[in-house]
Amino acid sequence: MTIVLLFPLAEFWWAYAAFTAFVLLLLALDLGVFHRKAHVISFRESLGWSILWIVLALVFNYGFYLYAVSRVGPEAGLQAGLEFLTGYIVEPSLAIDNIFVFVLVFNYFGVPPVYQHRVLFYGIFGALVFRAAFIAVGAALMQYHAVVLIFGVFLLVTGIKLLWAPEQEIEPEKNPLIKLFRRVVPVTPDLHGSNFFVKLGERWHATRLFVALLFLEISDIVFAVDSVPAIFAITREPLIVYMSNVFAILGLRAMYFLLADALRRFELLKYALALVLIFVGLKMTVLNAWYDGKFPIEWSLGIIALLLVGAVIASVIRGARDRHNHLHET
């Protein structure tokens, strides 16, 4: 089955290049101007940056919608705009587990809060490269209906397993890639400030900061195996997948210092994420076929938002009830 794209790569290569240049400019301003000196990111600063990235994403979304309308008409343009918005919501939703991994890795390697922004910042570059590669491969594979079904079943199984899966411990030292890296590159147990590498004697050594960065990149690749196919269940347009994915990653890293503490309160969010995976898996395997090849994007957006908001509200209610019971017991 051949899929006709509204924004084919051969014609819109300039859009990929311009968007990537725009993102790199924003990142250069972030590190080179606003975070030139390493410091602990406060709740207020994290909140401000999170709001800024969300506003930028929504403004960009609206601009893309206007451009899509002018190019392909109101109906298809609205569809493209909603697909961007839905992909932007799905990606950070599925990557919330990554935040917990970040917290555990920083604690494991003893990365002080003052250097955590630096590690997360450089982690973005690796994430951009790997996500672009995943999206390019996914765009080619999604041309085949059998592959779509395979990805759909994979997401279904992953979501079902997540519903009953116990919490897994993070053990970076047992990761085969980390083991291989330590055999090839000497690693110093000391931090040496914000440096990723330091010359000791006649040899260069990697610091704990770089090993933490390497493990975060590995974990991001693992999480992309779930999230990229999930967004392709929302839209088959690689350009939309790429842009919404990148904005979501940027916003998620900015929200880290907010979410690292807040997410512990939302115990039921894990089950909502599992249900989101199950939903997009059903969308790829059966729901699209039931709706002549395209499950309504408005319904997808509503279902995903309902699951996430419902889990947050239920977690808050459950937490309040548990505290109330605890007070009565004591």
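Which residues in H2 meet which residues in H3? On the H2 side they include Trp-53, Phe-60, Phe-64 and Val-72, and on the H3 side they include Pro-74, Phe-84 and Tyr-88. Please keep in mind that this is a predicted model.

**Helices H2 and H3**

- Helix H2 covers residues 43-72 and helix H3 covers residues 74-94, and their axes come within 7 Å, crossing at roughly 155°.
- Because angles over 145 degrees count as roughly antiparallel, H2 is roughly antiparallel to H3.
- The handedness of the H2 and H3 crossing is right-handed.
- From H2, the contact also draws in Ile-54, Ala-57, Leu-58, Asn-61, Tyr-65, Ala-68 and Val-69.
- Their partners in H3 include Ala-76, Gly-77, Leu-78, Ala-80, Gly-81 and Leu-85.
- Sorted by class, the H2 and H3 contact holds 17 nonpolar residues and three polar ones, with no charged residues.

**Helices H6 and H10**

- Helix H6 (residues 145-164) and helix H10 (residues 269-290) have axes that come within 7 Å and cross at roughly 160°.
- This crossing angle is over 145, so H6 and H10 run roughly antiparallel to each other.
- Here the crossing is left-handed.
- On the H6 side, the contact includes Val-148, Leu-149, Phe-151, Gly-152, Leu-156, Thr-158 and Ile-160.
- On the H10 side, the residues that meet H6 include Lys-270, Tyr-271, Leu-273, Leu-277, Gly-281, Met-284 and Thr-285.
- By class, the H6 and H10 contact is made up of 17 nonpolar, five polar and one charged residue.

**Asn-245 in H9**

- Asn-245 belongs to helix H9, which spans residues 238-262.
- Is Asn-245 buried or exposed? Asn-245 has a relative accessible area of 0%, and buried means under 20%, so this residue is buried.
- Leaving aside residues up to four places away in sequence, Asn-245 touches Glu-91, Arg-131, Ile-135, Val-228 and Ile-231.

**Ser-315 in H11**

- Ser-315 sits in helix H11, which runs over residues 297-329.
- Ser-315 counts as buried because its relative accessibility is 4%, and the cut-off for buried is under 20%.
- Where does the side chain of Ser-315 find a backbone oxygen 2.8 Å away? That oxygen belongs to Ala-311, and the 2.8 Å separation is to a polar atom of the Ser-315 side chain.

Key
Residues numbered from 1 in each chain as written. Predicted model: local features only at pLDDT ≥ 70, side-chain atom pairs only at ≥ 80, totals over all residues. Heavy atoms only, no water. Helix = DSSP H or I, 4+ residues; strand = E, 2+ residues; numbered from the N terminus. Buried < 20%, exposed > 50% of the residue type's maximum accessible area, 1.4 Å probe, protein only. Polar contact = N/O pair within 3.5 Å; in protein donor to acceptor, adjacent residues only side chain to side chain. Axes fitted to C-alpha atoms, helices over the stretch in contact; angles between N-to-C directions. Parallel < 35°, antiparallel > 145°, perpendicular 65-115°, else oblique. Left-handed = near helix turned anticlockwise from the far one by under 90°. Contact = heavy atoms within 4.5 Å. Nonpolar A, V, L, I, M, F, W, Y, C, P; charged D, E, K, R; others polar.
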